[in-house]
Amino acid sequence: MRRRRTMPHLCALLAAALPVMQASPALATQGHGGIEGVYIHQLAHLFFMLSMAILIFRLREERLVAHKGWRYIQYAAFLFILWNIDAFVVHLLDDQLCIVQLSRLNAWQLQVTGPNHFLVRLYYMAKLDHLLCVPALWFLYLGLKHLLAEARRAAPGEKSS
Amino acid sequence: MIFSSLPVWYVDMIGSVIMIVLSLLCLGKVRGLKKLDEDNIIWTYLQWVCYALAVFAISRSAGHLLKQLLLFSGHRLAWSRIQPFSGAVNTFMFMAVASVTIFFERIWKVYQQILADKQALQQAHAELLYLNQNLEKLVSERTEALAFSEHKYRRIFEVSKDMILVTEADGRIAEINPVGYEMLGYNGGKSPVGRLLQEHFADPRDWQRIRSMLSREGFCASVEVEIRRRDDTRFKTLFSGSLDHDPAQHQEIMHFLVKDIDQRKSMEQQMAQADKLASIGQLAAGIAHEINNPLGIILGYTQLLLRGEQAGQERYNDLKTIEKHVRSCKLIVEDLLNFARSSETKKEAISVNQALDDVLSFIQHHSDLGRIEVIRDYAEDIPAVLLDEKKIKQVLINLIMNARDAVGREGTITLATYYDPATRRVLIRVADDGYGIEKKNLSRIFDPFFTTKPTGEATGLGLSVSYAIVKNQGGDISVQSKPGKGTVFTVSLPAKRGDALK
C-alpha cells in the first residue's frame, strides 16, 4: 500500500488561498461600457464580410457558379461585402473616430460636419446603405428561385414551374 | 454641410420594408426547396442562412423604421433608450448569419459524400434488383454455358487419338480417356483407373525422369518413353505432362498427353532398312556383274572338257564337281542380280488365291511337308492383282519354305488372303507357329546373305530377293514375330485398278 503524503498538498492549498485572503477591491467582473459596443459591431461587420468572401471563394472553387442559381447567390454575397464596407465606413466616421457629426436641423434638413467636404459627402452617400443590402437580398431571392426551379426539373414526377 | 433628409429618409424607410419582404420571399423559396427534398443538407444549410438573414433583416428594418418614426415625431429620448438594444440585436444577428454562412465548405463536402454514397447505394440496389429478378435466368444461362463447355472438353478428352490421363501425385491413374484404355491394353471391362501409371513404363527410370522434370519445372514435353501394355507388348510414346492442383481437394495432380509414335518409329526403321538394302543392292549388282562373265566362261570350258571325257572316270567326276559348284555360284549371282535390279517384268492379272494354290501344290510335290498342317484361309471375292506371276510365285515359295523350316516336323502353316478396300490392297499372310525370330534379328532378315541356318543349307538371299520383287511390284512386305510363338509375313499388293471383285 502507498503512503499518503499530506504535507505537500496542504502547503499547495495554502499558497493558492493566500491572494484570496488579502482584502482588496472586487475585480472579478469586467465592465463593458463606453465604445466597446462600437468595436464589437465593427468586428461583426468584418466577420460578416469574411464569411461572404469565403462563400464566394468556395462557390467558385467548386465551380457552382456555372449554375445560374448559385451565380446569383455569389452576386448577393458580393453586394453584402460592399454593404459591410459601407456600414463599416459610416460607423468608423461617426461612432468610432467621431470625425463626422450628424445633426437634424428640422424634419427636412440634416447637417453633417466634418474635417473636409469629401468625407462629409462620402458619409452622406454611405448613409444610403439600403442601396446595397436591398439588391443583395434581391439577388439571394433570384438565386433561390432558380435553384428551386432546377430542383423541380430534376426531381422525378415534378412539373417545372 | 446641410443636406436634404428626404433621400436618406426614403431610402431608409422603403429599403427597410423591401428588406423584410425580400427576406420573407427568400424563406418561401427555401421552404419550397426543403419540401422537394427534406433530407438535402444543402437546402437545410440555405434554410438556416435564410432564417438568420430574415431575423437580421426584420430586426434591423424594424429598428430603422422605429428610429425614423420616433425621430420624425420628436421622441428622441425614447429612441436613445431603444437604440442600444436594437443595435445589439442587429450585431448579434449578422454575426449569426456570418457564422452559418462560413460552414458552407464543410456542408458542401458532406453533401458530396452523401451524394456519392447514395449513388453507390442506388447502383448496388439496382444490381441486386436485377439479380433478384433475373436470378433464375442467369443461373440457367450460366449452367447452359458450363454444360456446353464441359461437353466440348469432354469430347476432346473422349475422341482424342492420343492418350489423355490425369494422375494423383503418386502416379495413380484418376481419369483416362478411351484411347488410353486401348493403348494400355485394357479391354473387356477392365479399367486402369486406380493403377499406378509407372507400372506401364518399360523402364522405371523413365518415370523417375518425368517425375523429377515435373517437380523441377512443373512440366515435361515430348519425352520418349517405352510403354508396356497389359499383355507385355511394348510401344514407343511421347510423353507430355504438367503439374496441377486439384481445386476441390487442394492436392497435387498431374495431366499427361501420350502420343503413340510406334508406327512412326517403325516407318523410320523401314525407311532406314530400305536405304540399307538399296545400298547393298547397288554393291551386289556391281560384284555380280563382274563375277557372272568369268563364271560363264568357267562353265563353258568345263562343259567343253566334259565332252572329251568318259563318264565314270576320275577326271570326269572332278569336272562334274566343278560344273556343279559353278552352277551354284551362277544361281547365287542371279539371285543377287534379281535382288539388285528390276529386271523386265511381264505383268498380268492374276488371282492370289490361285497363285497360292499353285505354289502349295508345287511344294507338296517336291518337298515333304510331313505332319505339317496347312490351313487355307482365303477370302472370296478379292480383286485380281497385276503382277509378274513367276516372280510372285517365287516370293510365295520363299515364304512357305521358310515357314516350313521354322515349323520343323510338326506344326501349322496358315495361308490367308483378304482385301482392304480402304487402301485398295490385297494382303497375303503366311503365318507359322514355329520357333519365331529373335528381336535382334528382326531388323536384319531382309539383308542379303543373312541367315540363321547352318552354312551351306541356305544362301541368305531368299528373303532379300522376295523383298526386292515385292517392292518392284509396288507392294510391301512386313514381318511380325515372337520367339517361341511363330512368325507372320504379310505381303501387301496393289489391286488391279477398275477390277470388279471376282
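Okay, housekeeping: we're looking at a predicted model, where local features need pLDDT of at least 70, side-chain atom pairs count only at pLDDT 80 or more, and totals for chains, interfaces and linings use all residues. Residues are numbered from 1 along each chain as its sequence is written, while chains are lettered from A and ligands numbered from 1 in the order in which they are written.

So, chain A. You've got 5 helices and 2 strands, in the order α-α-α-β-β-α-α from the N terminus; these are DSSP runs, H or I of at least four residues for helices, E of at least two for strands, numbered from the N terminus.

Now the pair: α3(A), residues 68-96, and α5(A), residues 130-154, have axes that come within 7 Å and cross at roughly 165 degrees. Axes here are lines fitted to C-alpha atoms over the stretch in contact, with angles from 0 to 180 degrees between N-to-C directions. That makes the two helices roughly antiparallel, the word for angles over 145 degrees.

Over to chain B. B:Tyr419 sits in strand β10, residues 410-420. Leaving out residues up to four places away in sequence, B:Tyr419 touches B:Ala379, B:Ile382, B:Pro383, B:Val426 and B:Ala495, a contact being C-beta atoms, placed from the backbone, within 7 Å. B:Asp381 is 38 residues from B:Tyr419 in sequence, but 8.6 Å away, C-alpha to C-alpha.

Terms used: Contact = placed C-beta atoms within 7 Å. Parallel < 35°, antiparallel > 145°, perpendicular 65-115°, else oblique.
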